[in-house]
Amino acid sequence: MATVHLRIGDLVWGKLGRYPPWPGKVVSPPKDLKKPRGKKCHFVKFFGTEDHAWIKVEQLKPYHAHKEEMIKINKGKRFQQAVDAVEDFLKKAKGKEQNPEGKGDSKGKKTPNKPLKILEEDDEDLSALKDPSEKDLTDSDPEPSTIERLGAGPGSGFNWESSPVKDDPHFHHFLLSQSEKPASSMEPISKRLKIIEEDTGSTSIQAADSTAINGSITPTDKRIGFLGLGLMGSGIVSNLLKMGHLVTVWNRTAEKCDLFIQEGARLGRTPAEVASTCDITFSCVSDPKAARDLVLGPSGVLQGIRPGKCYVEMSTVDPETITELSQVITLRGGRFLEAPVAGSQQLSNDGMLVIVAAGDRTVYEDCSSCFQAMGKTSFFLGEAGNAARMMLILNMVQGSFMATIAEGLTLAQATGQSQQTFLDILCQGQMASTFVDQKCQNILQGNFKPDYYLKHIQKDLRLAISMGDMANHPTPMAAAANEVYKRAKALDQSDNDISAVYRAYIH
């Protein structure tokens, strides 16, 4: 097939990995955006989204020539909105094309290479991205290497060049706002699926919104196993099934599997059987001992690991446990990823968890649709152990904060102040959050139904303090909070919500 020559401003269909073709426009990349090395590519802005990407030439087709075909095979709501955005753009551009005035002004002049604007879906000035003075893109343009989920739907009917993401040696990810200046890879850019990569190797995948609600995920064809159906695991499995994943479940208490079998899951008899029959096996259990036993114990995961099998540890444990599990899995030829989650039972049910991953990068990419189903955002932090460290720090902060809020509520009561008024004032200030409001309201109502077990946050505080000791870093605030949670546990609050730490102050 002859090479299609494209210019800045040309409308195209762009194909990204296994995702459906999407309408876009060739635009000028910002001058401070580094281009990936490799084959020729064009920088494309996709309609109906805020997404931009480097796309290989062989993955681009002229918009008008293939419009009817694309509309026939893609029926999603977001896809139709994108096509409508193209048509709106064409209507606005028609008048400008008929009026040649001002075209000669750019002759001999180079339009300043200004950073491109990230356009909203309802932005009317889409034509602002077009630079008439730009020359044709040539064969020297580098290879694209970005993938951004743009919607769901069947693949293209014509022959796109096959380019599996995980096999592309030049597969790197860029955002429009990224430059060569150092920046944190943890910074949320927008509620769009994006993959961010910095020199540190850190990466983030951000879903469009609550994926359990929008239902626009294209599930992986890999067989998924899931071990552990507790507060977090149950919501995760439910969303995996809702989004069309093929899931095999196992739980120490087998009765917990029944509901998911009714929803379409398969039943695994042992962790070893799940690991041997599935391509990717997730686990989410309570603590380091449970995580080790699940892998190393009788009929454990390790017995089912074969070359190429993937194991994803989602439990919040210490880095040493992660290192041990990673080693034993990889020594058997398996591939290992840690992916603990930040959130609660409610966020798990809503598919709005935050996944913090580290380990085998290719497993992280293979888990893309799973992470989209269970969470709103995921981050890749590099080598195994980093996610455990980050999650312990996050939970240390959350646990200490909850203890401080409980201390404030009880001090207000002890000094004759209204606890409700304290909460009302708190929620009007800089510390206002859904977390604070919900936890405080539950405390005032005496509702300590677990959304995140108190015993688990105390375990995380203990592990974080130990991690601080190993790094010779002081953690006095966490240590103080840990003592309060230990007292709450002594008062039989272990299986209540973390907000039950309040009771440590009133007994």
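A salt bridge here is a side-chain nitrogen of Lys or Arg within 4 Å of a carboxyl oxygen of Asp or Glu. With that in mind, start by selecting Arg335, Asp360 and Asp366: salt bridges link these residues in a network.

Before you click further, a word on what you have open. This is a predicted model, where local features need pLDDT of at least 70 and side-chain atom pairs count only at pLDDT 80 or more, while totals for chains, interfaces and linings use all residues. Residues are numbered from 1 along each chain as its sequence is written, and side-chain values use heavy atoms, with hydrogens and water left out.

**Zoom out: the whole chain**

Colour by secondary structure and you get 17 helices and 16 strands. Both are DSSP runs numbered from the N terminus, helices being H or I with at least four residues and strands E with at least two. Of the 507 residues in the chain, 52% are buried. Buried means under 20% relative accessible area, exposed means over 50%, and partly exposed is in between, using a 1.4 Å probe and protein chains only. Among contacts in the chain with a separation of 6 or more, 69% are between residues 24 or more positions apart; a contact is heavy atoms within 4.5 Å.

**Salt bridges, one at a time**

The count of salt bridges comes to 12. Select Glu87 and Lys67 next: they form one of them, with the closest N and O atoms 3.0 Å apart. Glu87 sits in helix α2 (residues 77–98) and Lys67 in helix α1 (residues 63–73), so this pair ties together parts that are 20 residues apart in sequence. Glu87 is partly exposed, at a relative accessible area of 24%, and Lys67 is partly exposed too, at 25%.

Now go to Glu365 and Arg361, whose side chains meet in a salt bridge at 3.3 Å, N to O. These two are 4 residues apart in helix α11 (residues 361–366), about one helical turn. Buried or exposed? Both Glu365 and Arg361 are buried.

Lys486 is partly exposed at 39% relative accessibility, and Glu483 is partly exposed at 45%.

Select residues 454–470. The 17 residues of helix α16 should span 24 Å at 1.5 Å a residue, and the end C-alpha atoms are 25 Å apart, which agrees. (The expected span is 1.5 Å times one less than the number of residues.) How many of the residues of α16 are buried? The helix is mostly covered, with 12 of its 17 residues buried. Among them are Leu454, His456, Ile457, Lys459, Asp460 and Leu461. Just after α16, look for Asn472, which takes a positive phi of about 55 degrees.

While α13 is on screen, click Ser400, which is found in that helix. Ser400 counts as buried at 15% relative accessibility. Leaving out residues up to four places away in sequence, Ser400 touches Leu461, Met477, Ala478 and Ala481.

**Helix α4**

Jump to residues 231–242. Helix α4 has 12 residues and reaches 18 Å from its first C-alpha to its last, close to the 16 Å expected at 1.5 Å a residue. Most of α4 is covered as well, with 10 of its 12 residues buried, including Leu231, Met232, Gly233, Gly235 and Ile236. Just after α4, Gly244 has a positive phi of about 90 degrees.

**Last stop: α14 against α15**

Two packed helices are described by the angle and the distance between their axes. Select helix α14 (residues 419–426) and helix α15 (residues 434–445): their axes come within 11 Å and cross at roughly 175 degrees. Axes are lines fitted to C-alpha atoms, for helices over the stretch in contact, with angles from 0 to 180 degrees between N-to-C directions. The two are therefore roughly antiparallel to each other, the term for angles over 145 degrees.

Which residues meet here? Gln419, Gln420, Leu423 and Leu426 in α14 meet Val436, Asp437, Cys440, Gln441 and Leu444 in α15. The residues of this contact divide into 5 nonpolar, 3 polar and 1 charged. Ala, Val, Leu, Ile, Met, Phe, Trp, Tyr, Cys and Pro count as nonpolar, Asp, Glu, Lys and Arg as charged, and the others, Gly among them, as polar.

Conventions. Angles under 35 degrees count as roughly parallel, over 145 as roughly antiparallel, 65 to 115 as roughly perpendicular and the rest as oblique. The expected span of a helix is 1.5 Å times one less than its number of residues.
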